[in-house]
Amino acid sequence: MRVVNIILGLTLILFGGFYSYLTLHLPDRNLPNTLGSAFMPWVLVTCLYILSALLLLQTIYRGSAESCDYVISKKEGSSILFLVVLVIVYIKAMAYFGFLLVTPIFLIILMLSIGARKWKEVLLTSTLVTFGIYLFFQKVFQIILPAGKFF
Amino acid sequence: MKKRNLSYLIIVALTIVFSMGFMPQVSMAEYPTKPVSFLIPFGVGGSADLMGRALAAGAKDTLGQPIVPINRPGAGGGIMYTALNASKADGYSVGWNSTSILTTTNIGNVPFKYTDFENVCRIGYTAMPIAVREDAPWNTLKELIAYAKNNPGKIKIGNAGTGSGTHLTAVMLEKVTDIQVVHVPLGAKRRVPSCLGGEVQVICVPLPEAAPQCLGGQMRLLAVSTANRDPKFPEVPTMKELGYPVVMDLFRGISVPKGTPQNVIQKLVVAFEKGSQDEGFKKIADKKGFNISFQGHDAFEAYLIEQNKNVVESLKLGGLIK
Amino acid sequence: MSGPIFSALFDVLQYQNIFAVMFGVIFGLFIGSTPGLTISLGMVLLLPLTFKMPAVTAVCLLLGLYASGMTGGSISAILLNIPGTPSASATAIDGYAMTQKGKAGPALGTAVVSSFFGGIFGLVCLSLASPLIAKVALRFGAPELFALVLMGLTLICSFGQASIIKALISGVLGLIIMTAGLDPMMGTPRFTFGSVDLQAGISFLPAMIGLFAIPQIILGLSNKIRVIPAYGSRIERILPRFRDLVKLLKTMLIGAGIGTGIGAIPGAGGPIAVFLSYDYARKTSRNSREFGSGTLEGVAAPESANNAVAGGALIPMLTLGIPGDPITAILLGALIIQGLIPGPMLFIQSAQFVYSVFWAFLLANLMNLCLTLSTIRLWVGVLKVPQRILLPIILTLCVVGTFALRNTFFDTGVMLCFGLLAYAMKKYGFPVVPMLLAIILGPQLEEHLRMSLIIAQGDPMIFVKHPISLVFILIAVGSFVSPLIRRRKKVSVDDDECRIDTPR
């Protein structure tokens with residue numbers, strides 16, 4: 001975990017460098033006699049440099065007293081990827097096919113992947129939940145959910 | 001067991017059929033055949049939102065389809081105008097604009113101009129008055145200006161945000177009277193409390209925001225920014241009649257994406273004109289100090305050209321654009 | 001004097017008003033507990049209905065919604081670790097920890113009772129001392145608000161049990177993320193990479209939902225174990241014990257006091273009140289070490305604060321006509337449309353109406369207490385739903401809810417990004433709450449700092465010259481430095497222990 005902390009510290013410093021570069025190129029538009037839009041970013045990035053340096057120093061000289069499982073396992077990695085892809089596909093598909101058609105499929109895939117096996121339960125939940133959310137958001141709260149491009 | 005399976009199936013099937021019934025129908029009939037989205041550039045609960053929702057409710061019967069308010073707040077209105085600009089020009093996305101359509105597009109944060117929209121109609125406008133606390137030593141705008149002349153940099157004028165209509169009004173006043181003031185972008189939440197608390201001596205706000213305090217006797221209006229006196233506060237002079245050539249309205253109206261068919265625009269004009277006469281809308285507008293003054297498509301476009309000139313000029317004076 | 005007070009009570013106790021409060025409370029519970037539906041939205045939707053009502057009925061309806069919306073937000077925070085409203089985010093810390101221990105019932109019960117306490121405390125302040133409080137609240141200008149926000153940020157240190165440096169990094173990263181968008185003073189785009197969506201800035205609710213909910217869903221997907229704790233088969237106590245409540249009295253008073261005070265300051269906001277009261281309750285508590293691992297005090301403090309904020313926010317609205325938060329702004333609109341102009345004249349011209357508002361607020365809090373307490377079993381029943389059904393529903397609600405906030409899937413993306421970030425942070429030992437705090441307070445910190453300096457024309461002495469801001473800044477510096485010093489002493493001991501049993 002020492003190695004992880006050192007990598008983290010270096011990553012943060014790299015990020016700080018990127019942020020400083022962006023801050024340097026901020027457009028200058030300001031009222032007289034006052035701080036500009038770059039002031040706060042400079043303060044923050046300085047804090048970030050100091051803290052990252054402290055993290056590095058602490059890890060190198062004192063080791064770290066924390067006990068964390070620092071590894072993201074393969075299983076977790078694949079479920080993170082699965083979640084991200086699923087949500088993105090869900091959102092994109094909703095724009096084309098509409099909330100009412102896509103949501104049951106989204107729910108079914110999710111339920112099956114979490115371990116639901118009874119098809120009655122899966123079908124019933126997915127349709128009722130879709131319809132319930134639709135009624136609650138669109139009919140009661142007048143939030144227009146995507147209807148899809150083909151309709 | 002078989003029976004229960006069947007009943008589950010029936011429930012699922014019924015639900016699907018029922019939800020299909022709620023889906024918009026596909027048809028090629030005349031506009032409008034489905035609900036119209038009404039984009040509001042500010043957050044839920046503000047003046048723009050409340051009036052927009054009332055207007056939409058008033059116009060929907062004439063249009064023949066529901067007009068659904070959708071809030072797209074952020075970036076001083078820039079988010080909504082960007083969304084509207086990217087929408088299909090089919091009349092199903094309608095924007096509830098305001099003076100922000102001129103300020104956001106001129107300040108350079110979005111890559112289009114107000115002329116990239118069809119500006120359908122104006123619903124009305126309100127003044128942006130100069131207001132002070134009840135116990136302030138100045139009884140007229142003239143006295144305030146005279147004080148500011150002798151004490152450059154002493155007067156602080158609060159506004160709703162840099163580049164907003166209220167800021168630009170104050171900038172115009174500063175430049176035409178050749179005084180030097182500090183502009184404080186207090187924002188929507190802090191403008192009135194800051195003035196009551198004495199943090200700034202003067203504020204320039206849309207009239208509705210200061211009206212409760214003026215009627216309640218905590219604040220006074222020194223002048224309004226409109227061309228004519230406000231019917232709600234007829235005793236308050238306009239800046240123009242005091243000899244300062246500053247005319248700036250906070251207007252609200254309707255815009256749609258460029259390329260929307262003319263017959264659709266005409267339908268929207270008719271519907272929103274009717275909506276502006278709706279009792280519910282009139283009630284809110286009246287209480288909010290908003291003057292309903294309808295302008296059709298051509299009149300509104302002409303009005304915008306004139307207002308845009310003011311905005312560009314004051315943005316230049318304020319050093320916000322070159 | 002007593003005449004109008006009692007006739008106002010009779011005004012309020014009409015059957016249609018009681019029905020209005022009840023409807024408002026039920027509506028508010030659903031809005032509050034659903035992520036993405038805000039109390040403001042609920043009020044705006046009910047507003048057209050109020051035009052046709054008598055003013056008192058309108059106030060009953062809206063206040064009912066306001067009171068229960070605050071409580072509803074805590075229900076989902078405690079049961080599912082998803083705060084339904086921003087003001088419930090501090091409740092999630094200890095409330096959900098209690099749920100994990102199988103004590104969802106007492107946690108909810110305490111939340112509801114302290115909400116009631118907070119509401120009543122706010123009401124008492126509102127009815128007895130509103131002119132005085134309003135006067136003090138007006139003295140909170142930009143430098144005072146800056147100092148207040150700074151004080152809120154020092155709370156980051158409280159969450160650095162494992163590593164204070166990592167807690168601070170988490171906070172600074174949050175602040176850095178929040179600088180994206182339009183600069184609060186000049187409207188200059190910063191770090192937007194040309195995206196107009198980013199110009200609107202990262203809004204706080206999607207970030208919060210992501211930080212809390214997504215890591216849970218990832219856990220559920222990867223392990224297929226129960227991440228949402230099951231509600232045990234044995235029926236446990238739902239109501240907190242009376243003597244426990246008595247013990248919580250001090251905590252609730254702290255929460256309610258802070259909530260009312262901050263609620264009365266226009267523009268300060270509920271989330272800062274709940275975190276400050278959580279922190280202050282922790283600092284003054286005897287078992288402060290247990291905060292965060294599921295104590296009743298950790299639920300009672302923020303809960304009494306968030307309902308007291310409602311009472312506090314009514315103070316400047318009624319006495320000065322200035323709304324204390326977006327919700328009272330809508331309430332103000334409703335009153336103006338009814339032809340009532342809030343301000344000092346209201347107390348003179350329509351004193352009876354002002355008393356009706358007080359009674360309506362009392363009724364709303366009572367109704368909220370009764371309805372929520374009697375339905376706790378139902379709410380807790382959510383935990384009986386099998387996880388394979390509950391998790392997909394939660395994820396769908398998160399997606400739809402974040403969309404609903406501003407009608408854009410950009411916010412859903414924000415939620416997802418923050419969710420992944422939170423998961424990684426947890427893995428690498430960075431606490432998440434400091435980032436949440438930074439996200440809530442970051443934009444305000446910069447805004448008030450720069451506003452103060454515009455008002456002072458660049459003179460930083462403004463923060464010292466204003467006594468209130470000086471006191472707050474001193475407190476902030478003190479609470480920032482003291483854990484560092486205390487830690488130094490402690491770490492040297494821990495370090496030695498570590499060397500022995502952990503070979504490296």
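This is a predicted model: local features need pLDDT of at least 70, side-chain atom pairs count only at pLDDT 80 or more; totals for chains, interfaces and linings use all residues.
**Ground rules.** I number residues from 1 along each chain as its sequence is written, and letter chains from A in the order in which they are written. Local features need pLDDT of at least 70 and side-chain atom pairs pLDDT 80 or more, while totals for chains, interfaces and linings use all residues; side-chain values use heavy atoms, without hydrogens and water.

**Chain C against chain A.** I looked up contacts (heavy atoms within 4.5 Å) and got 71 residues of chain C touching 78 of chain A. The buried area (accessible area, 1.4 Å probe, that two parts lose on being put together, summed over both) is about 6,600 Å², with 77% from carbon and sulfur atoms. On the chain C side, C:Leu221, C:Arg388 and C:Lys427 supply 11%, more than any other three residues.

**Salt bridges.** I then checked for these (a side-chain nitrogen of Lys or Arg within 4 Å of a carboxyl oxygen of Asp or Glu). Two turn up across this interface. I noted A:Glu121 with C:Arg388, at 2.6 Å from N to O. Helix H19 of chain C, residues 387-406 (helices are DSSP runs of H or I, at least four residues), gives the largest share of the chain C side, 14 residues.

**Cores.** Next I looked at nonpolar cores (buried Ala, Val, Leu, Ile, Met, Phe, Trp, Tyr and Cys joined through side-chain atoms within 4.5 Å), where buried means under 20% relative accessible area with a 1.4 Å probe, protein chains only. The largest has 233 residues, and B:Leu141 and C:Leu63 are among those with the most contacts inside it. Helix H4 of chain C (residues 55-80) gives this core its largest share, 15 residues. Apart from it I found another core of 88 residues, including A:Leu55 and C:Val414.

Notes: Helices (H or I, at least four residues) and strands (E, at least two) are DSSP runs, numbered from the N terminus. Buried means under 20% relative accessible area, exposed over 50%, partly exposed in between (1.4 Å probe, protein chains only).
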